[in-house]
Amino acid sequence: MELGRGGLTSAFQLAGERLGKTEEGKAYSPDGVFAHLEMLEAQAHEAAVKREEMEQQEEKLARLKARVQELRLQRDELQAKVDLQQKGQLGKEGVMSDPAQPSAQAVLEWKIKSVKAMLQVFYLTGISGKLTKRGMCFCISTAYEGTYLDSYYVDLLTKPAVRIHRHSVPTFIPLEQIAKKYLQMDVRRFFSVLSDHLNAYVGRRYQADQLQEHFSDQIEGTLQRNSLCNLLVFNYNVSSKSKPFLFNVRLLYGDLCCSLPTEVIISCKMDAPSSLAETAAAHSDLFRRVALHKAFRSFRNTEEHVDAAP
């Protein structure tokens, strides 16, 4: 039986409508929603990885700049030693003298020049300082993700030996251990390690503050933390098929020079479906890789996409 041109057109329209309904059904089926969520999670993960790479590149650039200044300092020190030897060999009125015994004035000039060069190196890494009558006073400026946070001061005496005169470093920072290990042998290393400890501490504290300030609606109860902020314990709500569940989280920061946790333990206080085990694993992985408040922002965005899906 042959179809007329109008009948053929109607047949194609009917087939197209059926195909469209089939595709629409796939888009709004559970599998389609899960596929969409997986795509969103993949995009969020990719964006987080890119941000982390950019931050690492910025940190690397800062370290390279500091290294350049350090090499310049070493070059200046070597040049100063050469100059001292030449001055010592000439002596007064052109008389040769012992190159190992330069004049006191030359030694003092060399020391001042070295200290000023060292202060310039510190300045590039967030550490500034100035000479005092009895030694040097340093200021360590801390920041997290480009946000300036706090400044800490360390006043050093240089005679008869280098030692800490006074400071504003919190008592829970292991200042004495760091000083005992580095202060006498390498002042630059001492301040570098101390700066790492302080920046990691304020970074952990900043994340906890941001979590309480912007995501209090997801937190159940009080966020518990110690003075060093290297142990955080809190509960937060997770939705599964319109039913809320409570996750209990324990974050341990084993590396005190790091602002990300080394151990993440997540448990559910109620009988939860097996699908939440995968959610807990995904959350645990995110806590290890990105800042705490950024992880919760990702959770919220995912839930908003789920709620928006028909």
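These legends go with several close-up views of a predicted model. Local features here need pLDDT of at least 70 and side-chain atom pairs count only at pLDDT 80 or more, while totals for chains, interfaces and linings use all residues. Numbering starts from 1 along each chain as its sequence is written, and side-chain values use heavy atoms, with hydrogens and water left out.

**View 1**
Helices and strands are DSSP runs numbered from the N terminus (H or I, at least four residues, for helices; E, at least two, for strands). Helix α4 covers residues 175-182, and Leu 175, Ile 178, Ala 179 and Tyr 182 are buried in it. Buried is under 20% relative accessible area, exposed is over 50%, and partly exposed is in between, with a 1.4 Å probe and protein chains only. Look down the axis of α4 and the buried residues fall within an arc of 100°, so they line one face of the helix; the arc is taken from the directions from the helix axis to the C-beta atoms. Over on the other side sit Glu 176, Gln 177, Lys 180 and Lys 181, which are exposed. The cover over the buried residues of α4 includes β4 (163-167) and α5 (187-214).

**View 2. The β1–β2 hairpin.**
Strands β1 (residues 127-131) and β2 (residues 135-144) run antiparallel, joined by five bridges. Pairing of two strands takes at least two DSSP bridges between them. The hairpin gets from β1 to β2 through three residues. Leu 131 has Met 136 of β2 as its bridge partner.

**View 3. Rings around Phe 234.**
Rings of Phe, Tyr and Trp (its six-membered ring) pair if their centres lie within 6.5 Å; planes under 30 degrees apart are stacked, over 60 edge-to-face, and the rest tilted. The count comes to 14 aromatic pairs by this rule. One of them, Phe 234 with Tyr 236, is tilted, at 6.1 Å centre to centre and 40° between the planes. Phe 234 also meets Phe 296: the ring centres are 5.9 Å apart and the planes are at 55°, so this pair is tilted. That link ties together distant parts of the chain, with Phe 234 in strand β6 (residues 231-240) and Phe 296 in helix α7 (residues 292-308), 62 residues apart. Relative accessibility is 2% for Phe 234, 1% for Tyr 236 and 0% for Phe 296, and each counts as buried. These rings belong to one aromatic cluster, with Phe 215, Phe 247, Phe 287 and Phe 299 among its other members.

**View 4. Two nonpolar cores.**
A nonpolar core is a set of buried Ala, Val, Leu, Ile, Met, Phe, Trp, Tyr and Cys residues joined through side-chain atoms within 4.5 Å. The largest one has 28 residues, and Phe 190, Phe 191 and Leu 194 have the most contacts inside it. Elements giving two or more residues to this core are β2, β3 (147-157), α4 and α5, and α5 supplies the largest share, nine residues. A second, separate core of 26 residues includes Phe 215, Ile 219, Tyr 236 and Leu 276.

**View 5. Gln 210 and its neighbours.**
Gln 210 lies in helix α5 and is buried, with a relative accessible area of 13%. Leaving out residues up to four places away in sequence, Gln 210 touches Phe 215 and His 293, where contact means heavy atoms within 4.5 Å.
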